[in-house]
Amino acid sequence: MKQLPPDLKYTKTHEWVKTQPDGTVLVGITDHAQGLLGDMVFVELPQVDREFKQENEMAVLESVKAAADVYCPISGKIIETNPKLQNQPELINQDPYGEGWICKLKPSNESELNNLLSAQEYEKET
């Protein structure tokens with residue numbers, strides 16, 4: 001497994017969260033998850049301004065192997081999606097912790113961040 005960025009938080013369902021300076025969070029899937037799914041061919045992004053509860057399905061990834069749901073790691077409102085993924089879903093494979101981010105959300109309950117896993121805890125889960 002590739003080195004996990006230590007500044008991110010992780011879910012047991014293989015999403016990652018990166019808190020931004022303005023309090024919003026970026027969300028994507030882990031390198032482990034993209035490796036299991038294989039080459040991405042389509043990403044169904046969540047709708048901007050839609051609110052999700054923690055652990056609700058918010059996006060769908062389609063790869064050559066399977067389709068997989070992406071679950072909202074913390075409750076909040078989608079404020080932006082990654083427009084590059086519409087034409088370049090493979091960015092999730094190439095750079096899952098960078099250019100392959102899926103969405104940005106404004107948390108509605110920041111304490112839920114405390115329920116997420118550290119890089120070390122996530123590594124033990126996978």
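Analyst: Buried means under 20% relative accessible area, exposed over 50%, and partly exposed in between (1.4 Å probe, protein chains only). The model here is a predicted one: local features need pLDDT of at least 70, side-chain atom pairs need 80 or more, and totals for chains, interfaces and linings use all residues. Numbering starts from 1 along each chain as its sequence is written, and side-chain values use heavy atoms, with hydrogens and water left out.

User: Fine, so what makes Lys84 partly exposed?

Analyst: Its relative accessible area is 40%, so Lys84 falls in the middle band. Glu99, at 36%, lands in that band too.

User: Why do you call Glu99 and Lys84 a salt bridge?

Analyst: The rule wants a side-chain nitrogen of Lys or Arg within 4 Å of a carboxyl oxygen of Asp or Glu. Glu99 and Lys84 meet at 2.5 Å, N to O, so the pair passes. Glu99 sits in the loop between α3 (91–94) and β9, while Lys84 belongs to helix α2 (residues 84–87), 15 residues away. Those element names are DSSP runs, numbered from the N terminus: helices are H or I with at least four residues, strands are E with at least two.

User: How many salt bridges pass that rule?

Analyst: The count comes to 3.

User: What makes Lys18 and Asp7 one of them?

Analyst: Their closest N and O atoms are 4.0 Å apart, so the pair still meets the cut-off. Lys18 is in strand β2 (residues 15–19) and Asp7 is in the segment before β1 (9–10), so the contact ties together parts 11 residues apart in sequence. Lys18, at 32%, is partly exposed, whereas Asp7, at 51%, goes down as exposed.

User: Are Glu80 and Lys104 buried or exposed, or in between?

Analyst: Glu80 has a relative accessible area of 35%, so it is partly exposed. Lys104 has 16%, so that residue counts as buried.

User: What makes β1 and β2 a pair?

Analyst: Two strands pair if DSSP finds at least two bridges between them. β1 and β2 have 2 bridges in the antiparallel sense, so they qualify. Lys9, for one, has Val17 in β2 as its bridge partner. The two strands form a hairpin with 4 residues between them, and His14 in the turn has a positive phi of about 75 degrees.

User: And what about β2 with β3?

Analyst: β2 and strand β3 (residues 25–29) pair over 5 bridges, again antiparallel, so that is a pair by the DSSP rule. Glu15 stands opposite Ile29 in β3. There are 5 residues between the strands of this hairpin, and Gly23 takes a positive phi near 95 degrees.

User: How many disulfides are there?

Analyst: The count is 0. The nearest cysteine sulfur to Cys72 is that of Cys103, 6.6 Å away.

User: Where do Cys72 and Cys103 fall on the accessibility scale?

Analyst: Cys72 has 1% relative accessibility, so it counts as buried. Cys103 has 0%, so buried applies there as well.

Technical notes:
Disulfide = S-S within 2.5 Å.
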